[in-house]
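The sequence and the model are shown first.

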Amino acid sequence: LLFTSGILISFYHLTKLDFWSWYYYACPMCMLALGLYTFAVSVYGFLISNQESRGLISLIAIFLSIAFFVQIFSVFTAFELRNKINVERIPTSYLNNMREYNNDETIKSNWDSMQRELRCCGGRHYEVGFNDWNQIMAGDVPDSCCHEEAEDCGKGKITYSQEDSYRTDLSIWKDGCLEILQLKLKDDVSPLLIIYSGVGVLLAIVELITVVLACSYIAQISRRRRRDEMFTRAATANDEEYLSSLTNKETNF
C-alpha cells in the first residue's frame, strides 16, 4: 500500500489533479493512510501476541474492523478513479486552477513540479500547450517550462512565438502536461488500479477473517476462565465440607 501510494503521488502526480476529480486525491491518500494504519496495527498485534487479555485482543478486533471498512472504501475509490481515467476527458476546469498560479503557492508548486518532471508546459494539446499560460501570464510562461531553468527564463516566450510563427526553438517545453499525464494514466495507472482492487479485496477478506478469529479467541478465553472459576469454587466447597465434617467428629469424640 505504501509503495503503491508513493508511486501514484510521486511519479504520476495524482494528488495534484484534484481539480480534475476528487478521486485523484482521495485514492492515493487513502492508500497511504491505510498502509500506515495497517502497519501500526500489525506492530500492536505483534507486541500483544503473548498476552491472553480480552481487552487487548478486543482492540485488535476493533482496529481491524476499521481497517476492513477503510479498505472497502479504498477499493471503491480505485474503481471510480479507473473509470474517470478511461472515460472522462480533460476538463476545462484546469484553466481555473492555472489562473491561481500567481495567487496560491500550493498550486504554483504543483504546476512547477509537473512541468519540470514531465517536461511539459501548460495544460492541453501537444506542441502548443504552453499557450494556455498566455491568458494568465500575458505572453510569459513559468520558468519551470524552460529547458534550462533560470530566473525570468520564461519571459516573453509566448510573445516571441506569436510574432514569428516560424520560430520553433523557444527553449521551452511545448506539450501540455495534462495530455502527457492522461496518456501515462491510461497506459500505466489504469492496469495498476485493477491489480490493487483485486489485492485490496483479498486484504479486506483477510482482515474480516482475522476479526472473526479474534472474537472467537476472546470467547474461548472467556469460557476457559468461567470453567476455571467453576472448578475453583467446587474445590473450595469440597474443602469446606471436609473441614466441617472433621470438626463435627472431634466435637462428638
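Is Cys-153 buried or exposed? Cys-153 has a relative accessible area of 17% and is buried, where buried means under 20% relative accessible area, exposed over 50% and partly exposed in between (1.4 Å probe, protein chains only).

The model is predicted: local features need pLDDT of at least 70, side-chain atom pairs count only at pLDDT 80 or more, and totals for chains, interfaces and linings use all residues. Residues are numbered from 1 along each chain as its sequence is written, and side-chain values use heavy atoms, with hydrogens and water left out.

A disulfide is taken as a pair of cysteine sulfur atoms within 2.5 Å. The count by this rule is 3 disulfides, and their pattern along the chain is 1-6, 2-3, 4-5, with bonded cysteines counted in order.

| Disulfide | S to S distance |
|---|---|
| Cys-120 and Cys-177 | 2.0 Å |
| Cys-121 and Cys-145 | 2.1 Å |
| Cys-146 and Cys-153 | 2.2 Å |

The S-S torsion of Cys-120 and Cys-177 is about 95°, so this disulfide is right-handed. Both Cys-120 and Cys-177 are buried.

For Cys-121 and Cys-145 the torsion is about 85°, so that disulfide is right-handed. Cys-121 is buried at 0% relative accessible area, and Cys-145 is buried at 0%.

The torsion for Cys-146 and Cys-153 is about 110°, which makes the disulfide right-handed. Cys-146, with a relative accessible area of 6%, is buried.
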